[in-house]
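Thanks for coming. I will go through a few positions in this structure and then its nonpolar core. Please have a look at the display first.

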Amino acid sequence: MARNFIQPGETITVLAPYPVASGAGLLSGVIFAVALANAAQSAPVEARRVGVWDLAKATGQAWVADTTKLYWDNTARNVTTAASGNTFIGVARQSQAAGDVVGRVLLTGQVA
C-alpha cells in the first residue's frame with residue numbers, strides 16, 4: 001500500500017455544526033454525513049459519509065426510488081428534492097409518499 005494513505009474516508013470525525021443526535025444528518029462545512037453518536041455543538045463526532053440511511057424527510061414531496069435526486073436543507077435539517085440553496089447528498093433508495101416524514105436515502109459521499 002502507498003505510504004501516504006491515511007484512512008478510507010467513509011467515516012470521519014467532524015465538528016458538529018449544531019447539536020446532533022445519533023443517526024441525524026449534519027452538514028459540517030461542505031461535508032454531509034450522518035452522526036454516529038450524539039454531539040453538542042462544536043464537539044467532535046464520528047460521522048458516516050456514505051451508505052443507505054433513513055433520514056428526516058421534507059413533507060409534501062413524493063420520491064421515486066433510484067431516480068429522485070436528494071438534497072440536504074440545512075435550515076430545516078431534513079432531506080428535500082429542492083435543489084436551490086441546498087446541498088446535493090444522493091438519491092432516493094425507496095419510493096416515498098408526500099406525507100412521509102422519513103425517507104430512505106443513498107448517500108453518495110460527494111462534497112459540496
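Gly9 sits in the segment before β1; strands here are DSSP runs of E with at least two residues, helices are runs of H or I with at least four, and both are numbered from the N terminus. This is a predicted model, where local features need pLDDT of at least 70, side-chain atom pairs count only at pLDDT 80 or more, and totals for chains, interfaces and linings use all residues. Residues are numbered from 1 along each chain as its sequence is written, and side-chain values use heavy atoms, with hydrogens and water left out.

The C-alpha atom of Gly9 is 9.4 Å from that of Val50, and the two residues are 41 residues apart along the chain.

Next, Ser28, which belongs to strand β2. Ser28 has 16% relative accessibility, so it counts as buried.

Now the core. A nonpolar core is a set of buried Ala, Val, Leu, Ile, Met, Phe, Trp, Tyr and Cys residues joined through side-chain atoms within 4.5 Å. The largest one has 23 residues, and Val79, Ile89 and Val105 have the most contacts inside it. Strand β3 gives the largest share of this core, four residues.

Terms used: Buried means under 20% relative accessible area, exposed over 50%, partly exposed in between (1.4 Å probe, protein chains only).
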